[in-house]
Amino acid sequence: MTLTIRKIDVPVTEELVNLSVEDSQLPFVGITSEIVHKSLTKPLETQWVIYSNDIAVGFFLLDQGYASTMSDAPSGAIGLRAYFIDKRYQGLGLAKASLNLITGQFHSWLNIAPCDLYLTVNCKNTVAYQLYQKVGFDDTGDLYLGGEAGPQHIMCFKSKKTRSIGL
């Protein structure tokens, strides 16, 4: 498996818009086309596609304005938003592999110094929560209460700490 991550180009491709999750995951993620179009209006967000063997299998946003919307995040923190693996490719280890790639490379993709990477995960989404823990995100102990689907754990990956990557 060759895993690559590329920043998307505008206009949005059909390949990207066709990425989706199971209906049960929609409250946690949303609809890809809506996420992308909303994000394109935010100059501090960049949109990224995850490819496995040149097939689009996932998507996420990197938000350089995260600290301005999340009061508990320190200045300069980056937000990982709308991360998901398409429903057709879940269960193949792509989430863990892509998260390891993201946490190891996001600062170089954004051309910034290593900094903390934050995300929120719905308290009901235990599978995602456990996955984020496995790749090195720590629960801050705080909850984000502004989510449409209920409270969310705030998690942080300290990119300056040493880690072992287990693919």
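This is a predicted model: local features need pLDDT of at least 70, side-chain atom pairs count only at pLDDT 80 or more; totals for chains, interfaces and linings use all residues.
Strand S5, residues 116–122, and strand S7, residues 152–158, run antiparallel and are joined by seven bridges.

What is the order of the strands? The open sheet has seven strands, in the order S1-S2-S3-S4-S5-S7-S6, and the pairing is mixed. Strand S1, residues 3–7, and strand S6, residues 138–144, stand at the edges; each has a single partner strand, so one side of each is left without a neighbour in the sheet. From one strand to the next, the twist averages 30°.

Now the helix on this sheet. Helix H5, residues 94–109, packs on the sheet and touches S1, S2 (45–52), S3 (55–63), S4 (78–85), S5 and S7. The direction of H5 makes about 150° with that of S4.

How far does H5 span between its end C-alpha atoms? The span is only 20 Å, whereas a straight helix of 16 residues would span 22 Å at 1.5 Å a residue. Where does H5 bend? The bend is at Thr103, by about 40°.

Thr103 is also one of the buried residues of H5.

Last, the stretch just after H5. There, Asn111 takes a positive phi of about 60°.

Conventions
Residues are numbered from 1 along each chain as its sequence is written. Side-chain values use heavy atoms; hydrogens and water are left out. Two strands pair if DSSP finds at least two bridges between them. Helices (H or I, at least four residues) and strands (E, at least two) are DSSP runs, numbered from the N terminus. Axes are lines fitted to C-alpha atoms, for helices over the stretch in contact, and angles run from 0 to 180 degrees between N-to-C directions. Contact means heavy atoms within 4.5 Å. The expected span of a helix is 1.5 Å times one less than its number of residues. The bend at a residue is the angle between axes fitted to the seven residues ending there and the seven starting there. Buried means under 20% relative accessible area, exposed over 50%, partly exposed in between (1.4 Å probe, protein chains only).
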